[in-house]
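Please consult the sequence and the structure alongside the text.

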Amino acid sequence: MKSHFLRLALLLLLAASMGPAAAQTQAVVVDLGQAMIKLNGTWLFSVGDNARWADPGFDDSGWEHMDLSAGPGDTDGDVGLPNYAPGWSAKGHPGYYGYAWYRIHLDVQPLPGESLALLGPWAVDSAYQVYVNGKLLGGVGNFSGTTPIAYGYHYPTFFALPSVTHNSAPMVIAIRVWMGPWGAAAPGSGGIHIAPAIGERDVISAQYHLQWLKIFEGYVVDTVPALLFFLAMVVVLCLRPLERGDR
């Protein structure tokens, strides 16, 4: 993305523990041009599950902070996904599985007539739903039953966002995550590993397709050696009738 298209003022999210005077969490200011912003800084986080936590007016000033930033060169170790951060088990909640929520407040400053979109979290243990200003936009997994069903680990998602103006109230993104018990023992497991991104809709759409291409590329690298061995086996089986005495 060309950086000269991006006018960004990203203020530090004030600590929830500032004191009693902080009645509401202050919003991160995002001034968008024809580009996108990765939301890989500090989010508000709480284990447990409560439908009220999707409400943009909910007072989350008492929640803990969860940094979704990854170290230089950190990947998932599987298909090579970049910007991969450790999960909640490495950040104060070892062995925990079940529900947890992430929230962030954004003061979005779009260009006139700009349509925005959200690139969902790319790698999540194990299923999630995305709410924007209290409205469920979608997610990965099936939450209709008593226990959610996880569909996949690497699953790019694209969400069109409602229109905003310079006079709009801060946008609140809330992500409800569920991890199954199978992931509790894995080091660094739990929740969001690759942060979402917000930006101009066409740019987010292009990045969404690049994510699928990256996943395809990663699995192709793993598949090629197996395919070559299979083809070698086919060649041997085809030659065998010609030289029955030559093992």
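How do the residues of the lining of the largest cavity divide into nonpolar, polar and charged? In this predicted model, the lining comprises six nonpolar residues, two polar ones and one charged. Its members are Leu106, Asp107, Val108, Val164, Thr165, Ser168, Ala169, Pro170 and Met171. Strand β5, which spans residues 98-109, gives the most to this lining, with three residues. The volume of the largest cavity is about 40 Å³, and the count of cavities of 30 Å³ or more comes to two.

Strand β5 also holds arginine 103. This arginine counts as buried because its relative accessible area is 0%, whereas the threshold for burial is under 20%. Beyond its neighbours within four places in sequence, arginine 103 is in contact with residues including Trp43, Trp53, Phe58, Trp63 and Ile173. Its side chain makes a polar contact of 2.7 Å with the side chain of aspartate 60.

The average pLDDT is 82, and 77% of the residues score at least 70. Strand β3 (residues 42-47) has the highest confidence, at 98, and helix α1 (residues 201-239) the lowest, at a mean of 72. Over residues 1-23 pLDDT stays under 50, and for this segment the model has 41 contacts beyond four places in sequence.

Methods. Residues are numbered from 1 along each chain as its sequence is written. This is a predicted model: local features need pLDDT of at least 70, side-chain atom pairs count only at pLDDT 80 or more; totals for chains, interfaces and linings use all residues. Side-chain values use heavy atoms; hydrogens and water are left out. On a 1 Å grid over the protein atoms alone, a cavity is a set of points where a 1.4 Å probe fits but cannot get out, and a pocket is an open set with protein on both sides within 12 Å along at least five of seven lines; lining residues have an atom within 4 Å of a point. Grid points are joined across faces, edges and corners, and a volume is the space filled by probe spheres set on the points. Helices (H or I, at least four residues) and strands (E, at least two) are DSSP runs, numbered from the N terminus. Ala, Val, Leu, Ile, Met, Phe, Trp, Tyr, Cys and Pro count as nonpolar, Asp, Glu, Lys and Arg as charged, and the others, Gly among them, as polar. pLDDT is the predictor's confidence in each residue, from 0 to 100. Contact means heavy atoms within 4.5 Å. Buried means under 20% relative accessible area, exposed over 50%, partly exposed in between (1.4 Å probe, protein chains only). A polar contact is a pair of N or O atoms within 3.5 Å; within protein, one must be able to donate a hydrogen and the other to accept it, and residues adjacent in sequence count only if both atoms are side-chain atoms.
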